[in-house]
Amino acid sequence: MTLPKIRYFLREALQNLWRFKARHLFSLTIICLSFVTVGVVLSLSSNLRLRSRELARDLTVVVYLTTGAPAAERDAVEAAVRRSPLVGTVRAIGPDQALERFQAGFPDLRDILRNLGANPFPASVEAGLKDPGAAEDSILAFLADLRKLAGVEDVQFNRDWAAKVRGVGRIVEAAGIFLGGILILASFFIISNVIKLNVLARRSEIEILRLVGATNSFIRLPFLIEGVMMGIAGAAASLLIVLVLVTSFPLYLGGSLGALRELLAFRYLSLPQILGLLGGGALVGFLGSLSSIGRFLKI
Amino acid sequence: MIELYHVWKQYQKAPWALSDVTLTIPKGEFCFVTGPSGSGKSTLMKTLYREIVPTEGQVIIGGRNILRIPDHKIHLVRRHMGIVFQDFRLLPHKRVFENVAIALRVLGASPHDLKRKVFIALRMVNLQSKIWEYPTELSYGEQQRVAIARAVVNNPRILLADEPTGNLDPALAHEIFTLFKEINTQGTTVVICTHDKELIRRFGGRVLTLHEGKLHGKDVG
């Protein structure tokens, strides 16, 4: 295909987009809304996935000691933790240190703690695992041994947390794929119908092109390019909206998000995701327009 | 050269639109197809550019049987033809330049070639000054001249005109026929479908008369 022909097709497609702007604006809005849904879901689920990966990376076993446990028992627990071949790092946290941590993490709840009077946090021993992916059985046996020790109130292992966050991420992803899929399907049909209307509106033009010896592809290409342009423009507009949402949502909710803010980090989409959305828009536009000219543009 | 052999055409259950039409139009001829309304003139024209396929018979254009050419290749035949209609069939949203250029764009002409040929064609129909106007800003006579410029811009071997002056007054019709005659003198075979006997008498040429789909030929002038 020659450069003048490419230029002609692009110009034709742009002129036609402008000529029938009302209907194109409508379909652009639908495409945009569909891709906003997909974009928000992608951002949310990838953030949750990232967070669950981070949680899994610094997996720790926390051994809570009974309040007022004698120093000998505390030392024995710490020594038992250190002896385990599974453990990499060990850190003893006193009640005051635990209180400080909580106050830093949840500043809104300071008043509640003040009303309680006494420090409710027990001393603990935190053990970082050498290999977070170690066999489940050996970790469970280690936890059971710790629970048997004198002075141990409770043993927590945050692998469950990581699994839960990952699970929520999967649910968000599935819901997003379902909802986004339906909306993208709707976009496909809308593009298809808009192109069908364009074909009907330009019947006489198509007739003239046929009579002056235009090939099928010469007649069809501007319609396909129109569809692709609509798809890309819709997806690009959705990327902007997602950017605004991701930036403004935490600002709008401010401190009320508390610890959730860290969990839902509201990071913008990655480059592959951005390219994926743009490519998806182009594909939806192409297929929508192809299905339409296949059915309504018999040459 | 245009050759038709025993061409029959019937639309569904209607009477025969063309009935055993056999004719030969040699290269470079100036020829009229005439007859009353419904006599099959337009059907004959549409058969020549294969807008319709005859029920029976053969249509040979430039030595090729166009009925044997697959649909996706029929554009190759039409590129050697220029077609002019009674209703001009111009694109109202495109300027005169684009309306004429479209016949060259489908051929993939270079921008330089395209501009040059469009200008030559518009100069031939004396509309070079209206190159950037829209068809709706032109008179009927001017619009038909744009349509003629589009039909001849790629130097076709055959020019087919289906009632080209049906919407024009006698003076403009004369002007348009003069143009056709000029195009014919350059070697293009011209086939004009009209029922205007006065113009036929004045311009002369071969006259093919259709009546109820049957051909009666006679030469005039």
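Colleague: How far apart are the centres of domain 1 and domain 2 of chain A, taken over C-alpha atoms?

Modeller: In this predicted model, 50 Å separate the centres of domain 1 of chain A and domain 2 of chain A, taken over C-alpha atoms. The division puts residues 3-54 + 163-296 of chain A in domain 1 and residues 60-157 in domain 2.

Colleague: What makes up chain A in terms of helices and strands, and what share of its residues counts as buried?

Modeller: Chain A has eleven helices and four strands, and of its 299 residues, 31% count as buried. Among the contacts in chain A with a separation of 6 or more, 90% are accounted for by residues 24 or more positions apart.

Colleague: How should I read the sheet of chain A, and in which order do its strands lie?

Modeller: The general idea is that strands of a sheet pair through backbone hydrogen bonds, either parallel or antiparallel. In chain A, four strands form an open sheet in the order β2-β3-β1-β4, and the pairing is antiparallel. The edge strands, each of which pairs on one side only, are β2 (87-93) and β4 (152-157) of chain A. On average, and with direction ignored, neighbouring strands of this sheet are turned by 15 degrees against each other.

Colleague: Over how many bridges do β2(A) and β3(A) pair, and what lies across the strands?

Modeller: β2(A) and strand β3 (residues 124-129) of chain A pair in the antiparallel sense over six bridges, and A:T89 stands opposite A:G128 in β3(A). Helix α3 (residues 71-83) of chain A lies across β1 (60-65), β2, β3 and β4 of chain A, and this helix runs at about 160 degrees to β2(A).

Colleague: Is A:I177 buried, partly exposed or exposed?

Modeller: A residue is called buried if 20 or more other C-beta atoms lie within 10 Å of its own, and exposed if 12 or fewer do. A:I177, which is found in helix α7 (residues 159-201) of chain A, has 15 other C-beta atoms within 10 Å and is therefore partly exposed. The C-alpha atoms of A:I177 and A:S124 are separated by 42 Å, and these residues are 53 residues apart along the chain.

Colleague: In chain B, which way do the residues of β6(B) point?

Modeller: In a regular strand the side chains alternate between the two faces of the sheet. In the case of β6(B), B:M81, B:I83 and B:F85 point one way, while B:G82 and B:V84 point the other way, and all are buried. Strand β6 (residues 81-85) of chain B is accordingly mostly covered, with five of its five residues buried. β6(B) pairs with strand β7 (residues 158-162) of chain B in the parallel sense over five bridges, and the bridge partner of B:I83 in β7(B) is B:L160.

Colleague: Which residues does B:A151 touch, not counting residues up to four places away in sequence?

Modeller: B:A151, found in helix α5 (residues 140-152) of chain B, touches B:G82, B:I83, B:V84, B:P156 and B:L159 when residues up to four places away in sequence are not counted. B:A151 is buried, because 27 other C-beta atoms lie within 10 Å. B:A151 and B:M81 are 70 residues apart in sequence, yet they are 7.5 Å apart in space, C-alpha to C-alpha.

Colleague: Why is helix α1 of chain B described as largely enclosed by the rest of the structure?

Modeller: Seven of the eight residues of helix α1 (residues 41-48) of chain B are buried, and so this helix is largely enclosed by the rest of the structure. The buried residues of α1(B) are B:K41, B:S42, B:T43, B:L44, B:M45, B:T47 and B:L48. Just after α1(B), B:R50 takes a positive phi of about 50 degrees.

Colleague: How do I describe two packed helices, and at what angle do α3(B) and α4(B) cross?

Modeller: Two packed helices are described by the angle between their axes and the distance between the axes. The axes of helix α3 (residues 96-105) and helix α4 (residues 111-124) of chain B come within 9 Å and cross at roughly 115 degrees, and α3(B) passes α4(B) in a right-handed crossing. In this contact, B:V96, B:F97, B:V100, B:A101 and B:L104 in α3(B) meet B:L114, B:K117, B:V118, B:A121 and B:L122 in α4(B). The residues of the contact divide into nine nonpolar, no polar and one charged.

How values were computed. Residues are numbered from 1 along each chain as its sequence is written. Chains are lettered from A and ligands numbered from 1 in the order in which they are written. This is a predicted model: local features need pLDDT of at least 70, side-chain atom pairs count only at pLDDT 80 or more; totals for chains, interfaces and linings use all residues. Axes are lines fitted to C-alpha atoms, for helices over the stretch in contact, and angles run from 0 to 180 degrees between N-to-C directions. A crossing is left-handed if the near helix is turned anticlockwise from the far one by less than a right angle, and right-handed if clockwise. Two residues are in contact if their C-beta atoms, placed from the backbone, lie within 7 Å. Ala, Val, Leu, Ile, Met, Phe, Trp, Tyr, Cys and Pro count as nonpolar, Asp, Glu, Lys and Arg as charged, and the others, Gly among them, as polar. Two strands pair if DSSP finds at least two bridges between them. Domain bounds come from an automatic or database domain assignment.
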